[in-house]
Amino acid sequence: MLYHLHSILLVIFLSNVILGQNKPIALIGRILLTDHSIQNGTLLIINEHIAAVGDRITIPRESIVVHTKGIILPGLIDLHNHLMYNIFPRWKPNQEFGSRYDWQQKPIYQILIQAPQKALLQAGLECQMQLYAEIKAITQGATSVIGGLRKPCNQGLARNLDDDPTLGQILYNVFPLQMTEKAVYEAKQALSANGTLLIHLAEGSPDDAPSAREFIMLQSRDLLKPGVSIIHGVALQDEHFRLMANASVGFVWSLRSNLELYGYTANIEAALRNHVTVAIAPDWSPTGSDGLLSELNYAATWNTIFQRPLFDDQMLLAMATVNPAKLIHQDQRLGALKEGYLADVLVLRESNNDPFWTATHSTPEDVMLVLINGESIYGDPKMMQNFFDTEQLESLDICGVEKSIHFNSQTSFHQTQKLLKNALRRSSRTLAPLSECGN
């Protein structure tokens, strides 16, 4: 059976060569699967897909072979973000709020974030804002993101989940209770066709009654059904998570942003106890984490405050890989390193004998390589030079560590950075760094 598979792969490879497509890529290192790892394994990528995974893989002669000496895992999947705000540095409110409606009305929020963001959009810099945010996400190990602008500002770097027709309908709604009847009908049509709907709901402190009441309002619109996932849910109680589990409704958890804005986070213990599928995501840079690696670190540390931790590192990593893939009905294509899956891959520097610990405690400096759709996008300079000449790469500084990024277009990161810095100065604001070093 193994030799038969290798024969098929060879035929595919030769066909691709004839068609002038990309060379196969063989990544060698410690391969992290959903429940175990392969110590000295090979991940073979042919064009956009994973062709083979294991420790006895026949590598086509023309392949680009990379001995990573690192941990190879699926690219992280971010199901909750607001990319157009990630150019702003951290906002540190001097108070905690009852709900999102409270801080959105504060003059300080309007001055520091809302007004400058509007000014940049009016200046026609939306594509530069999107590009910067996508790069920021990639430096944090994310290969799939959500919450950006639709084309033509999708720069083709990260996989934009809500703007990728090959993945079906993935709807992302910030204010679901303001949806028109037409929008609700269209959402239900999408759900009936195996689409998904990610909605912000019950975002406030646990004792904020109006926030909790939003759940009942969602039920009344008949939107508590499979394919729906609730984002935030800080005000939800145990009975809400039971109803979610019964309706096969998922949950997206944004720990740091919840704590910084409301002083509390969602009842994740109730979500796990009721077997709700949980994904983790950073929300946005102003009050959340810079990206998914930082959010995983934050959650791993938060987990240690409990006498009996709520989850282990394997479960936590699943919240950034296989679980979000399940929530958007893409778990046969994304979220794991399996034959036939899309080749969205992250390589991390090994820092602990437990690869799951490494994955949930790595920093952006530890990112060695990121591939999206089988194309190397970002990583350590020496790693990226396996794929490109030095002049094809652009240098980035991540907390004093040099990294390289490759664009398929004439876009320049440093030109984008300069444009945004100059525009923000006119609003007396500064551009957020790609990574908050040491935070």
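This is a predicted model: local features need pLDDT of at least 70, side-chain atom pairs count only at pLDDT 80 or more; totals for chains, interfaces and linings use all residues.

Me: Which residue stands opposite Gly-250 of E11?
Reply: Gly-250 is in E11, and E11 is paired with strand E10. The residue opposite Gly-250 is Ser-229.

Me: Are the faces of E11 covered or open?
Reply: In a regular strand, side chains alternate between the two faces of the sheet. In E11, Gly-250 and Val-252 lie on one side, and Phe-251 and Trp-253 on the other. Every one of these four is buried. Both faces of E11 are therefore covered.

Me: What is the relative accessible area of Trp-253, and is this residue buried or exposed?
Reply: Buried means under 20% relative accessible area. Trp-253 has a value of 0%, so this residue is buried. The value asked for is 0%.

Me: Which residue forms an aromatic pair with Trp-253, and at what centre to centre distance?
Reply: A pair of aromatic rings is described by the distance of the centres and the angle of the planes. The partner of Trp-253 is Phe-311, with 75° between the planes, which makes the pair edge-to-face. Phe-311 is also buried, at 6% relative accessible area. Centre to centre, Trp-253 and Phe-311 are 6.0 Å apart.

Me: How many residues apart in the chain are Trp-253 and Phe-311?
Reply: Trp-253 belongs to strand E11 (residues 250-253). Phe-311 sits in the loop between helix H10 (292-303) and helix H11 (313-318). The pair links distant parts of the chain, 58 residues apart.

Me: What is the centre to centre distance of Trp-302 and Phe-306?
Reply: These two also form an edge-to-face pair, with 75° between the planes. Trp-302 is buried at 13% relative accessible area, whereas Phe-306 is partly exposed at 29%. Their centre to centre distance is 4.8 Å.

Me: How many aromatic pairs does a search of the whole structure find?
Reply: One aromatic cluster is formed by Tyr-85, Trp-91, Phe-97, Trp-103, Tyr-109 and Trp-284. Over the whole structure, the number of aromatic pairs is 12.

Me: How many residues of strand E1 are buried?
Reply: Strand E1 (residues 25-32) is largely enclosed by the rest of the structure, because 8 of its 8 residues are buried. E1 pairs with E4 in the parallel sense over 6 bridges. E1 pairs with E2 (residues 37-46) in the antiparallel sense over 7 bridges. The buried count for E1 is 8 of 8.

Me: How many residues lie between E1 and E2 in their hairpin?
Reply: Leu-32 has Ser-37 of E2 as its bridge partner. E1 and E2 form a hairpin, and the number of residues between them is 4.

Me: What is the bridge partner of Pro-74 in E13?
Reply: Strand E4 (residues 64-74) and strand E13 (residues 345-349) run antiparallel and share 5 bridges. Pro-74 has as its partner Val-345.

Me: How much space lies in the largest cavity?
Reply: The structure holds 1 cavity of 30 Å³ or more. Pro-74 is in the lining of the largest cavity, and so are Arg-333, Tyr-341 and Asp-344, among others. The lining divides into 5 nonpolar, 2 polar and 2 charged residues. The space is about 40 Å³.

Me: Which element gives the most to the lining of the largest pocket?
Reply: The largest pocket holds about 580 Å³ of space. Its lining has 29 residues, with His-82, Gly-147, Tyr-172, Val-174 and His-200 nearest the centre. Helix H2 (100-103), helix H3 (107-122), strand E8 (170-173) and helix H8 (255-262) each give two or more residues. With 3 residues, the element that gives the most is E8.

Key. Residues are numbered from 1 along each chain as its sequence is written. Side-chain values use heavy atoms; hydrogens and water are left out. On a 1 Å grid over the protein atoms alone, a cavity is a set of points where a 1.4 Å probe fits but cannot get out, and a pocket is an open set with protein on both sides within 12 Å along at least five of seven lines; lining residues have an atom within 4 Å of a point. Grid points are joined across faces, edges and corners, and a volume is the space filled by probe spheres set on the points. Ala, Val, Leu, Ile, Met, Phe, Trp, Tyr, Cys and Pro count as nonpolar, Asp, Glu, Lys and Arg as charged, and the others, Gly among them, as polar. Two strands pair if DSSP finds at least two bridges between them. Buried means under 20% relative accessible area, exposed over 50%, partly exposed in between (1.4 Å probe, protein chains only). Rings of Phe, Tyr and Trp (its six-membered ring) pair if their centres lie within 6.5 Å; planes under 30 degrees apart count as stacked, over 60 as edge-to-face and the rest as tilted.
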